Amino acid sequence: MREVGCPEEDLFSFLSSKRREDLGYRNILSSMCTPPHPIAARVHAMFLETNLGDPGLFPGTAALEDLLIRRLGALMHHPDAGGYATSGGTESNIQALRIAKKLKPVKSPNVVIPASGHFSFTKACDILGLEMRTAPLDAGFRMDAEAADGLIDDNTIAIVGVVGTTEYGMVDPIGRLSEIALERGVFLHIDAAFGGMVVPFLDNPVPFDFSLPGVSSISVDPHKMGMSTIPAGCLLTRNPEWFACLNVDTPYLTVKKECTLAGTRPGASVAAAVAVLEYLGRDGMRAVVAGCMENCRRLIEGMETLGYPRAVTPDVNVATFSCGRAPPGWRVSTTRNGHMRIVCMPHVTRDVIERFLADMGDIDA
Ligand code: 0PR
């Protein structure tokens, strides 16, 4: 640390130069995040100092967290779902498997996770000492539910299905997984970190949530398609009482028990998340999602016209192609199978898609 502080002007000029090294979202097609909605940015600033880790000091902010959980629970067809705001999909997935493990104490616990599962499950299994059994995908990049069934045994504490896979934007056969979960008496966690804020707003949403009786818990992230500030995730559970198995005593706080993974927790991004939902309503979210899906279709059509076929027709706004190179200046990502991957987030507007397609056309010229 400096002995004597840096003059404000110098400091900000240094910070600005660093900030300029960051890429603008303008040409980023690889991210599941997006610039926060202006409402989110404004609300974040309003709640900057709030700490949900000691909710008795911030009862207003804590009530907003409850409201967020109620709103997302209702969206997932269970207004009385339990839940809390996490730092994102990783924490939600860890905590869901932690609950599942506590609910079924066995000697050598395992979990069945699709090959498309996010790498946060590798972290969760490492931390929780779980054997990770990987279920293969079908030809359409969705989890093979029957193969998953075959991996379940007496030591299986949970199975996981994904709604909006990170790489290919697919929705696993959650209806079938729900039946299997009920038949086998196994906890079913749905990772809807991305798709949880997309699928409910599609024209013909496939059931994936608490409307299916076998679904035990759901991850859904406001800091992805919810356009909130980072960090904002949510873990929802069918039974609110399950969280009690994670409680630790917190004798000197305003609450005497805590089930969260983090201690100090931001209220700002949580207030921002609920504010965006209130501001847009279902109607506004449907419009955002319809725009992203339409742009995704246009991108697929444009790429195929240029001779780059889609890897698969996605269920949500993630497009993948047999295409080895991207034009200079654009950030796309590459899946583990070598497909070009583009996430059609709200900042990836029709104009952006057309500029990208024009540049793609130019690299062939
Ligand atoms: N589950 C799914 C299905 C996800 O796609 C992700 C993250 C997670 C869980 C974990 O969520 P957190 O990162 O919030 O803990 N998906 C993105 C990914 O790994 C996250 C991301 C976002 C990465 C923006 C890069 C980026 O620029 O690709």
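Reply: What follows describes the ligand site.

This is a predicted model, in which local features need pLDDT of at least 70 and side-chain atom pairs count only at pLDDT 80 or more, while totals for chains, interfaces and linings use all residues. Residues are numbered from 1 along each chain as its sequence is written, and side-chain values use heavy atoms, with hydrogens and water left out.

The ligand sits in the largest pocket, a pocket being, on a 1 Å grid over the protein atoms alone, an open set of points where a 1.4 Å probe fits, with protein on both sides within 12 Å along at least five of seven lines; a molecule sits in a pocket if more than half of its atoms lie within 2 Å of its grid points. Domain 1 (14-37 + 282-363) and domain 2 (38-277) both contribute residues to the shell, so the ligand lies between them, with the domain bounds taken from an automatic or database assignment.

Of the 18 residues around the ligand, Thr90, Thr166, Asp191, His223 and Lys224 come nearest, where a residue is near if one of its heavy atoms lies within 4 Å. The shell divides into 4 nonpolar, 10 polar and 4 charged residues, Gly being counted as polar and Asp, Glu, Lys and Arg as charged. Helix α4 (residues 89-103) supplies the largest share, 3 residues, helices being DSSP runs (H or I) of at least four residues.

Polar contacts, which are pairs of N or O atoms within 3.5 Å, involve oxygen atoms of the ligand: a polar side-chain atom of lysine 224 lies at 2.9 Å, a backbone N or O atom of glycine 89 at 3.1 Å, and a side-chain N or O atom of aspartate 221 at 3.4 Å. Taken alone the ligand exposes 600 Å², of which the protein buries 75%, by the Shrake-Rupley method with a 1.4 Å probe.

Definitions and conventions
A polar contact is a pair of N or O atoms within 3.5 Å; within protein, one must be able to donate a hydrogen and the other to accept it, and residues adjacent in sequence count only if both atoms are side-chain atoms. On a 1 Å grid over the protein atoms alone, a cavity is a set of points where a 1.4 Å probe fits but cannot get out, and a pocket is an open set with protein on both sides within 12 Å along at least five of seven lines; lining residues have an atom within 4 Å of a point. Helices (H or I, at least four residues) and strands (E, at least two) are DSSP runs, numbered from the N terminus.
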